[in-house]
Amino acid sequence: MAFDGITIANIVSELRQTLSGGRIYKIAQPESDELLLTIKNNGSQYRLLLSADASLPLVYLTQTNKPSPLTAPGFCMLLRKHLQNARILTIAQPGLERIIHLELEHLNELGDLCRKKLIIEVMGKHSNIIFCDDKNMIIDSIKHISGMVSSVREVLPGRDYFIPQTQNKWNPLRFCPQYEETTDSIAGSSPTTVEADRSLLTYVNFCEHMRTQPMAVYKALYTSYTGLSPIMAQEICYRSGIDADLPANVLEETVLHRLYDTFAGMLQQVITGIFTPSIFYEGLVPIEFASLPLTLYADKTVKTYSSISAVLEQYYAERSMITRIRQKSVDLRKIVQTALERNVKKYDLQIKQIQDTEKKDKYKIYGELINTYGYNITPESKSMEALNYYTNEMITIPLDPTLTPQENAQKYFEKYGKLKRTYEALSELTVQVKQEIEHLESILAALDIAMQEEDLVQIKEELIESGYIRRKGSTKKAKVTSRPFHYISSDGFHMYVGKNNFQNDELTFKFATGNDWWFHAKKKAGSHVIVKTEGQELPDRTFEEAARLAAYYSKGRDQAKVEIDYIQKKHVKKPAGSKPGFVVYYTNYSMAIDSDISSIRHVDK
């Protein structure tokens, strides 16, 4: 995701406004690679989370406390010794690097005023939290990196701290006249970094550099300049009206000028602190966050916040919940997928067997023609020619020379009878297997849209009642707390979406009244959608929004258009003994529509 230098700049801006001048009240280390600092400032108390987790490094303000181990780790004890009650002097970001410097002032054992630095590097698997003295010598770090691990830089007590320059990237903020890089902001930068930064400041140099890049424009941007993520590079191209996949070295002068102006304008927002922290959603699933507007996601639902910390906490909490649900649903999904594959194989075999029975009528005709013209058959004949009085064509009928004409006819009648019985049995079985396949596909669709752990409870119960899972011992039926999705149309009508087959039945046959409208994707597994009319006529816009919900919460959501059936609830029936969620209807309306629900208002519980 876009945890890049621009996001770090937003975090630094927020921390400066909130924590500058504050004092560190508590220092805790809840995890081996995580710090939680409690800071008091201007009569308020704040918690700053610093995580150097290789898979998810984070820095943000939070209201949530975390339990700490009974015995504090050595790094935590060291920080407590030096930084307890330390005052935060400055909070800086070198260039647009994914690095935050906290300059701290404290009293040593002799009562003398000293300065230290706490440096947070948010760099994926290379993330670290490093404690330095005022001369950039490392006192300790939350992760020790020896020369055996990295040939670029050792992070060990006694070593000098510097920012490794391994990718020859430039600081793009130097394009902006207002940018002033102080000694503090570049402390620890290698000479190569600063020198390279100063060599690429003008539009002319920008163009010269881009013309040497044979790669896609967006890739040329994020591989050349610090702080840019691929998504922000694509945003720059999108705002410039440029195809992001075009090779940078083929761009014309006017196009390069437009790209430069857009790039510089975005950096101007960063320098002046004009941020718009937002989360972008695909339906109810968060897909991206950013500190600047992402116009390339104009078709997505966007939720804007006043704080980047709130964005990070909310985004990763939601993503974590979705990941946890996916993990918890693995066993259920495996059961359903295995059963589905078995039933599909069974269905394919039955269809093939039914196709084999199509020759049954031929054998019946053979028997009838032998009985009609058999008196002409000579002994030990292997075939006979006869006129098929059904088609008025001559046909050749194979014969067993060891049998009489009557016996040959009886043999064909027996084949006909056997295939007829097989056809009748298979016709009934294939209907049952087809219904089972549709039922299992609907359960998979319910697993796909499950958003919370309680959503899995009803799905598991359905699998138990269907015989796919055995109820353990005397375990009682699970308590249901999951509720259908609730939306409100642009015209103010309440729309409800079932999350699983039990909810679909509940919505359609217990919640909805006769004149409410019912929507469902045509011949696809998906949710029932109910629109409460309250006795009013539905506007066309509400019909379309309800149809979009039915399209989105179906197996066809990835298609450009999904055909949706809709009808008043009073015309929807449930056959006796049918599977959960299965209904029949006959005189319905239909429409083909996309599955974009970004503009439909979702109502939280």
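Strand E2 (residues 34–41) is largely enclosed by the rest of the structure, because seven of its eight residues are buried (under 20% relative accessible area, with a 1.4 Å probe and protein chains only). Strands are DSSP runs of E with at least two residues, and helices are runs of H or I with at least four, numbered from the N terminus. This is a predicted model, in which local features need pLDDT of at least 70, side-chain atom pairs count only at pLDDT 80 or more, and totals for chains, interfaces and linings use all residues. Residues are numbered from 1 along each chain as its sequence is written, and side-chain values use heavy atoms, leaving out hydrogens and water.

**Pairing around E2**
- E2 pairs with strand E1 (residues 23–31) in the antiparallel sense over six bridges; two strands count as paired if DSSP finds at least two bridges between them.
- A hairpin of two residues joins E1 to E2, and Glu31 has Glu34 as its bridge partner in E2.
- On E2 and strand E3 (residues 44–51), the antiparallel pairing runs over eight bridges, with Asn41 opposite Ser44 in E3.
- The E2–E3 hairpin has two residues between the strands, and Asn42 in this turn has a positive phi of about 50°.

**Seven-stranded sheet**
- An open sheet has the order E20-E19-E17-E18-E16-E15-E21, with antiparallel pairing.
- Its edge strands, E20 (589–593) and E21 (601–602), each pair on one side only.
- Strands E15 (residues 485–488) and E16 (residues 494–497) pair over four bridges, and Ile488 has His494 in E16 as its bridge partner.

**Confidence**
- Mean pLDDT (the predictor's confidence in each residue, from 0 to 100) is 88 for the protein, and 94% of its residues reach 70 or more.
- Confidence is lowest in helix H3 (residues 191–198), at a mean of 42, and highest in strand E18 (residues 529–531), at 97.
- Residues 182–200 have pLDDT below 50, and this stretch has 37 contacts beyond near neighbours in sequence in the model (heavy atoms within 4.5 Å).
- Where pLDDT is low, the predicted coordinates should not be read in detail.

Conventions:
Buried < 20%, exposed > 50% of the residue type's maximum accessible area, 1.4 Å probe, protein only.
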